[in-house]
Amino acid sequence: VNKNALREIASCFEGAIPATICSCAPDGTPNITFLSIVHMLDDEHVGLSHQFFNKTWRNIMSNPQVQVMVVEPATGRQFRLDLWYQRTVDKGSLFERMRTELDAVASQTGMSDRFKLKGVDIYRVCGCELVAEVAISVPLATDPAYFAGLRAVMSALTGCTDLESLITTALDRLDRDLGFPHSHLLMVDEPGERLYAIASHGYAESGAGAEVQIGEGIIGIAAQRGQPVRIGNMSRSLAMGRAMRDSLERAEKERCREREIPLPALFDVRSQLALPLLAGDHVIGVLNLQSDRWDHFGPSEETVASAVAQHLAAAMALLGADSGAEPTRAPDISHEEEPRREATAVVKRYASDDSVFIDREYLIKGVAGRILWKLLRDYVRDRRREFTNRELRLDATLQLPDYKDNLEARLILLRRRLEERRSPVRLVRSGRGHFRVQADKHLVLEEIAP
Amino acid sequence: MGTFLADADLTAFLQSGVAIVVGTRDRRLAPAIARAWGGRVGDDRKTVEVFVAQSHAGRALDNLRENGCIAVNFCLPLTYRSVQLKGRCTSIGEVSESDSVWIERHLDTFVAIAGQIGIPPHVIRNLAGLNFVRVAFQVDEMFDQTPGIGAGKPM
C-alpha cells in the first residue's frame, strides 16, 4: 500500500459515517456488518474495536483477511481497504483511547458497565482502493485560520486578573476568535465525585450549578480519564447507544429531578468535544464544546481547543495560588439599619443536603448551599452586608476543601444562579476578594432539620 | 435452510430507507464489499433483490457470478436496527425502467433519513454510483444484527 494512502484519507477514520466490514468463514460464507469506527494507527495499520465475540471475530480466527469500506464524510468518496488481521490488544494507550470514546457514548445513553471494550483488533493494510471518483463535487471547507484565533484568545486570557473574568473571557473568545459558539465550563467538586457548572456560553440559560457525575456521559468520562472525548456524529453515536439499550430491559426509573439544575444543551447537538482542565496531574474541571454542525470537531479543533483548555487551567491554578494576596482586613461590619421592606421572602434550608429554597423555589445545594446559608444567616442575624473571600475560606463550619480555586468558583456559580432565578438576593462584587450581599425583600430564614 | 419467508414487518423494513451493503468473497475466500440500493422482497417471499452500481462494484459482481455466495446487511441509520441475510445469488440482470424508479425512490428516502443525522445529500448521491444491475438472491439464513447483546443471533 502507498505510504501516504491512509494519511490522505484521514477524515474517513473520524467515525462520521459508519464503515462496513466483510469477513469470510472457512466454509466460504461471507459475513457483513457495520462498524462504529476504524482507527488509523500508522501508514500500514488500522485498529477496529470489538465489544462482542461475534461472527467477524470467529471468522478472522480462521481466515484473517477482511475487507473494510470507509467513507470520506465531506465528499462521499468510498475506499476499500484489504486488511489482514494480526493481533488483539487489551491494554495500552490505544486501547485506553478507544475505551474512553466508547464508554462516553455508552454512558451518555445510560449503558455504562454493560458494553465494555474487549479489545482492539490490529490489522495490516494490504490494499487501499478508491471505489470510484465522485459524481457530485462540492467546494471543500478550508481549515479555519486557527493559529491567529488561538493567539487572540491567549492574549485576551493573559489580561484577566480574576476567575470570573477569566472564564467569561475564555468562553466568549472561543466563540469570537475560534468559532466555537456553544460551551460549558465545569469544575470538579471536593470529594471528586461530581462536576458543577460555573459558566456556559451560547445557551438561553447558564445552567450555573448544574451537576454531572464524574464518569457519567461525555463530560464525566473526560474528567474521569483526564482525556479529551470527541464525538463527531452525536446523533449517530446516540442512535447506536439507544439501539444497544433497547436490547436490554429498561429498569431505570426517572430520577427525582426536583433538586437538579439541568445543564443547558443544544436541541440538535451533532458534535461534541469535552476537554479536561489539568493542573499538574489532576483534573480540576472540564471545558465542553457543542456544535449543531456535524463533524465540527476534527483533530485540528481538538488541538486548538486543548491549547485553550491547558492555558485556562494554568491560569486558574495561578489565580488560586495568588489568593493569599487577597485583602485580610475584615470589612467594615456595617450593622446598617435597613429600610423597612414590605415584601418578604422565605428562605428555607434543608440540612440533609444543604439545599436552599427561596419562596419554595429550589436554588442550590451542597457546598454552594452552605455558603449561601451562612451569608444569609449573618445578613439577617448580624445585619452584615460586606464579606471577604478570606473569611469564608477560614470558616470551619463551611467545611471547604483546601483546594483554593473552589471558593471563588462557588461564588461565581452562586452569583449567576441567583441572577438567573431573578432571586431577591444578590451577591455583588465590591472589590478584589470581597463582595456585598443585597436583598430586595425582607428575608425570613427557616431551617429544616434532617 | 429453505425455511425463510419474509413477513410483512420484515418486508417493510427491507424496503424502507435502510443502508444496504453486500458481502462477497473470491475463490481464495478474500472478501469484497459493494453498496446496494432498492431492496425488494420477491413475490415468493423467499428471494430478495438489491441493485448494485457497476461503477462502484469492484470485485463483488465477479465474485457473485463465480460462486454466488452472498451476505447482505440492511441497517436503518436512525435506530440501528440491522438485519443480515445470507444465501446464494440466483441471477444478475439488467434493470428495467420501473426498477430505476424503484432505486430512485429508495435513494430519495435514504437521502432524507441520512439528512436527519446530518449527512448532506451530495454525499449520499456520491455513494450510489451509476449503471445498476439487479442482483437476486435466495435467502438461507437471517440474523439480527442490531448492536447489543442479541447481535448476530439467527432469526
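**Reading a crossing and a sheet**

Guide: H3(B) passes H4(B) in a right-handed crossing; a crossing is right-handed if the near helix is turned clockwise from the far one by less than a right angle, and left-handed if anticlockwise. The model is predicted: local features need pLDDT of at least 70, side-chain atom pairs count only at pLDDT 80 or more, and totals for chains, interfaces and linings use all residues. Residues are numbered from 1 along each chain as written, chains are lettered from A and ligands numbered from 1 in written order, and side-chain values use heavy atoms, without hydrogens and water.

Visitor: At roughly what angle do the axes of H3 and H4 of chain B cross?

Guide: Axes are lines fitted to C-alpha atoms, for helices over the stretch in contact, with angles from 0 to 180 degrees between N-to-C directions. Helix H3 (residues 97–116) and helix H4 (residues 121–128) of chain B cross at roughly 140 degrees, their axes coming within 9 Å. H3(B) and H4(B) are therefore oblique to each other (under 35 degrees is roughly parallel, over 145 roughly antiparallel, 65 to 115 roughly perpendicular, the rest oblique).

Visitor: Which strands are the edge strands of the sheet in chain A?

Guide: Two strands pair if DSSP finds at least two bridges between them. The open sheet of seven strands has the order E2-E1-E5-E6-E7-E4-E3 (chain A), with antiparallel pairing. Its edge strands, E2 (30–35) and E3 (38–40) of chain A, each pair on one side only.

Visitor: How many bridges join E6 to E7 of chain A?

Guide: Ten bridges join the antiparallel strands E6 (residues 78–89) and E7 (residues 119–130) of chain A.

Terms used. Helix = DSSP H or I, 4+ residues; strand = E, 2+ residues; numbered from the N terminus.
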